[in-house]
Amino acid sequence: PGDMFALVPFESNVRIGLAVPLTLDGELIKRQIQVIAEGVSGGSTAIGEGIWTCMVYLIRPNLPKKLKLDANLLRLAAEEKGLGSYAYEVAREMGQLKHVFIVILTDGESNTGIDPVQTLMLAGRLGVRVYLISATEARFPELVRAVNNTGGRYFAASNMAESRRFYSEINQIEKREVITEKKITHRSLKWYLFLISAAFLFASGLARLIVVKVP
């Protein structure tokens, strides 16, 4: 409750892209997931494309006005080994995104589209934690390392039903990560002391001028 979610499908035979923008409407997310689940499936698994779509969606509203995002140039930079210079420029201008994370659910290895390790590297540079739930018995060490490097975690499940229990764990992790930022304003009291002293001196001087006549 209170968290905003967006939904991005990344299976090649289903529409790749943003299915639901950030919303507080949990029922809308559930309905869209059901639509995807009932659709045609069985194609390639494009984990990198899913992460890439999420990253572009997160970057656009947070980019400083002085830097206009060139998504094509950023993608080329993200595909370069170790990330290209434009990716570092965007990361430098944006700084670290706060209280933002991506959860990936997949039942197979990424075998099409942009390399997920590269997009995970970009996510890490921007402070976006990524949690990957892999509902398959296969293990992918390079992907595990890349996920962990973002500050997130890799969860291994043997099937889709088992994967459900990891969502509550992610929820608890993120609750611990959220830090309440307090702004403390320091205000000097010397002017208050000066005004009090001035008022006291004025009152004392005024008292001396008052003559009380007793008949």
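Residues are numbered from 1 along each chain as its sequence is written. Because the model is predicted, local features need pLDDT of at least 70, side-chain atom pairs count only at pLDDT 80 or more, and totals for chains, interfaces and linings use all residues, while side-chain values rest on heavy atoms, with hydrogens and water left out.

The mean pLDDT (the predictor's confidence in each residue, from 0 to 100) of the protein is 81, and 79% of its residues reach 70 or more. The secondary structure comprises nine helices and five strands; helices (H or I, at least four residues) and strands (E, at least two) are DSSP runs, numbered from the N terminus. Along the sequence, these elements follow the pattern β-β-α-α-α-α-β-α-β-α-β-α-α-α. Where pLDDT is low, the predicted coordinates should not be read in detail.

Of the 215 residues in the protein, 36% are buried, where buried means under 20% relative accessible area, exposed over 50%, and partly exposed in between (1.4 Å probe, protein chains only). Contact is taken as heavy atoms within 4.5 Å. Among the contacts with a separation of 6 or more, 62% are accounted for by residues 24 or more positions apart.

Helix α5 is largely enclosed by the rest of the structure, because seven of its 10 residues are buried. The buried residues of α5 are Pro 116, Val 117, Gln 118, Thr 119, Leu 120, Leu 122 and Ala 123. These residues pack against α2, α3, α4 (85-94), β4 and α6.

The axes of helix α2 (residues 47-59) and helix α3 (residues 71-79) come within 12 Å and cross at roughly 130°. Helix α2 is therefore oblique to α3. Axes here are lines fitted to C-alpha atoms, for helices over the stretch in contact, and angles run from 0 to 180 degrees between N-to-C directions; angles under 35 degrees count as roughly parallel, over 145 as roughly antiparallel, 65 to 115 as roughly perpendicular and the rest as oblique. The contact involves Glu 49, Trp 52 and Ile 59 of α2, together with Ala 71, Leu 74, Arg 75 and Ala 78 of α3. Five of the contact residues are nonpolar, none is polar and two are charged (Ala, Val, Leu, Ile, Met, Phe, Trp, Tyr, Cys and Pro count as nonpolar, Asp, Glu, Lys and Arg as charged, and the others, Gly among them, as polar).

Thr 136 occupies the loop between β4 (129-135) and α6 (141-149). This threonine is buried, at a relative accessible area of 15%. Leaving aside neighbours within four places in sequence, Thr 136 is in contact with Asp 107, Gly 108 and Ala 157. Thr 136 and Ser 163 are 27 residues apart in sequence, and their C-alpha atoms are 9.5 Å apart in space.
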